[in-house]
Amino acid sequence: MGPQQDRSSSMANGTAAARSKEAKVVHYRECQRNHAASIGGHAVDGCREFMASGAEGTAAAMACAACGCHRSFHRREVEAGGDDDRDCSSTSTSTTSG
């Protein structure tokens with residue numbers, strides 16, 4: 001048998017440490033559900049922000065109290081908590097000589 005590993009401190013791909021460093025706040029904004037998709041059109045209901053129908057951790061928390069749609073229909077907006085030095089939208093270019 002192989003050596004035992006402590007799996008509580010890290011995951012195989014190293015994502016456990018990355019999750020604990022960054023505190024992210026997620027907001028669900030306007031509803032983007034297309035109610036006229038079945039007839040080939042485009043019509044949204046005008047719901048401006050997701051409001052949970054029930055308490056956190058229940059099935060009702062996934063439905064919007066304003067429009068009745070599932071939370072996945074609402075635009076997801078993530079706010080990073082703190083400085084994130086891994087910005088993927090960098091405009092700098094690197095050149096190599098050789």
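How many salt bridges does a search of the whole structure find?

Author: The search finds four salt bridges, each being a side-chain nitrogen of Lys or Arg within 4 Å of a carboxyl oxygen of Asp or Glu. Before following them, please note that this is a predicted model, in which local features need pLDDT of at least 70 and side-chain atom pairs count only at pLDDT 80 or more, while totals for chains, interfaces and linings use all residues. Residues are numbered from 1 along each chain as its sequence is written, and side-chain values use heavy atoms, with hydrogens and water left out.

The setting comes first. The protein chain has one helix and two strands, taken as DSSP runs numbered from the N terminus (helices H or I of at least four residues, strands E of at least two), and from the N terminus on the order is α-β-β.

One of the bridges joins the side chains of R29 and E49, with 3.2 Å from N to O. This pair links distant parts of the chain, since R29 belongs to strand β1 and E49 to the loop between β1 and β2, 20 residues apart. E49 has a relative accessible area of 38%, so this residue counts as partly exposed, a class that lies between buried (under 20%) and exposed (over 50%), with a 1.4 Å probe and protein chains only.

R29 also takes part in a salt bridge with E77, where the closest N and O atoms are 3.0 Å apart. Here, too, distant parts of the chain are linked, with E77 in strand β2 and R29 in strand β1, 48 residues apart. E77 is partly exposed at 25% relative accessibility. A further bridge pairs E77 with R75, whose closest N and O atoms are 3.4 Å apart, and R75 is partly exposed as well, at 29% relative accessibility. Through shared partners, the salt bridges join R29, E30, E49, R75 and E77 into one network.

Leaving out residues up to four places away in sequence, Y28 touches E49, F50, R71, H74, R75 and R76, where contact means heavy atoms within 4.5 Å.

The structure holds one aromatic pair. It consists of Y28 and F50, whose ring centres are 6.1 Å apart with planes at 65 degrees, so the pair is edge-to-face. Y28 sits in strand β1 (residues 23-31) and F50 in the loop between β1 and β2 (74-81), 22 residues apart, which makes this another link between distant parts of the chain. For such pairs, rings of Phe, Tyr and Trp (its six-membered ring) need centres within 6.5 Å, and planes under 30 degrees apart count as stacked, over 60 as edge-to-face and the rest as tilted.

Y28 and F50 also belong to the largest nonpolar core, whose six residues are Y28, C31, C47, F50, C64 and C69; such a core is a set of buried Ala, Val, Leu, Ile, Met, Phe, Trp, Tyr and Cys residues joined through side-chain atoms within 4.5 Å. In the chain as a whole, 9% of the 98 residues count as buried.

C67 lies in the loop between β1 and β2 and is partly exposed at 24% relative accessibility. Apart from neighbours within four places in sequence, C67 is in contact with C31, D45, C47 and H74. C67 and F50 are 17 residues apart in sequence, and their C-alpha atoms are 8.4 Å apart in space.
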